[in-house]
Amino acid sequence: MNFNFCPKCGTKGSVQHPNNTAYVCTKCGWQFWNNAKACATLVFIQHDQLLFSTNEDKADPNFGTFDLPGGFVDYGESAQQAAVREAKEELTVTVQEADLELIAAYHNNYMEGVTTIDLVFIVKKWVGDIIPSDDVTSIEWKSISALDDPQFVQKNYTGLNKILAKHTGEQLS
Amino acid sequence: MKILNCIECGLPLTSITPSQYNCSRGHTYWNSPSSAVSVIFIKDNFILFSQRANEPARGLYNLPGGFCEHMEDPLDTAEREVQEETGMNLDKRSLVIMGAYTNKYIGDESVCDIVFLAHSWSGTPIADDDSASLEWKPLEFLDDAYFAPNFPGLSDKLRSLGESKL
């Protein structure tokens, strides 16, 4: 994050942040910890495949990459409530909190100066047809091995394929 | 809310929703919850609780843990915070995720706490840093008024692990 102005005293250029972790205003002493923000990440599983949001915009430098659906947890919201909301907003499906299983949490270098902690939920049951909406423009079902594909944008989801392989195995049996 | 002025142009911010603050030029500050970790240590049917040395909720109890810093993985946060507050060495590969709970923090800030159960660690707890004292207490204390965070359903989830752990 870039603080051109102090959010407390409004002075220009007074906020110093040597390492992106702690920010301090040299004028009024305002202090801010640039802690990671919570996000909910959704894993839909069907016929041994996972649902990804795909970038099919040929004009976009990230054309061809894919990600798991999800988004930021809002103020006052639990990660589960965010997961339910994002499932509705991005995929138009209805999910109950009781059908979410939290399986992992990973840090994600979301953008320069902003880290997110992605809470990964398996969606065990949903109602409605999955239709891309809002931030998601297109979707594709892919095998679990797609998590190791260089085009998968998340690079820190260490071990997620193993955790999911166990779960899909359970779903099949 | 500590963010009063736009960090990009210095104009005053107004709240559109509790999550979104805009200035009149249309710059947005997102007030989404920060992430933190809490770690459960179980020994002889007791859980390790930490009495808070600092505000907020000074004097009340929580679990060892703290905020996830910039570029830090939650498992690394757990190792670092346990080391800082208890002096113990935690094996992050032994952590099992138990839940995530959002609580209010200071003012208009909220925090999403990720709770891990530790299976492997070494050392004896000695309180330091944000911890005034460390005490082994029964599981029921998770639902006590002196336990600051609200982790609904966590004590039941731990009970369901069975007598091997509790």
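View 1. If contact means heavy atoms within 4.5 Å, chain A brings 42 residues and chain B brings 37 residues.

**A note on the model and numbering.** This is a predicted model, so local features need pLDDT of at least 70 and side-chain atom pairs count only at pLDDT 80 or more, while totals for chains, interfaces and linings use all residues; side-chain values use heavy atoms, with hydrogens and water left out. Residues are numbered from 1 along each chain as its sequence is written, and chains are lettered from A and ligands numbered from 1 in the order in which they are written.

**View 2. Polar contacts across the interface.** Between chain A and chain B there are 17 residue pairs in polar contact, both residues at pLDDT 80 or more. A polar contact is a pair of N or O atoms within 3.5 Å; within protein, one must be able to donate a hydrogen and the other to accept it, and residues adjacent in sequence count only if both atoms are side-chain atoms. What about salt bridges, meaning a side-chain nitrogen of Lys or Arg within 4 Å of a carboxyl oxygen of Asp or Glu?

**View 3. A salt bridge within chain A.** E140(A) pairs with K142(A), and their closest N and O atoms are 3.4 Å apart. Buried means under 20% relative accessible area, exposed means over 50%, and partly exposed is in between (1.4 Å probe, protein chains only). E140(A) is partly exposed at 35%, whereas K142(A) is buried at 18%.

View 4. Helices (H or I, at least four residues) and strands (E, at least two) are DSSP runs, numbered from the N terminus. E69(B) and R80(B) form a salt bridge, with the closest N and O atoms 3.8 Å apart. E69(B) sits in the loop between β8 (65-67) and α1 (74-86), and R80(B) in helix α1, so the pair links parts 11 residues apart in sequence. K92(B) bridges to D76(B) with closest N and O atoms 2.7 Å apart. Here the loop between β9 (89-90) and β10 (96-104) holds K92(B) and helix α1 holds D76(B), so parts 16 residues apart in sequence are tied together.
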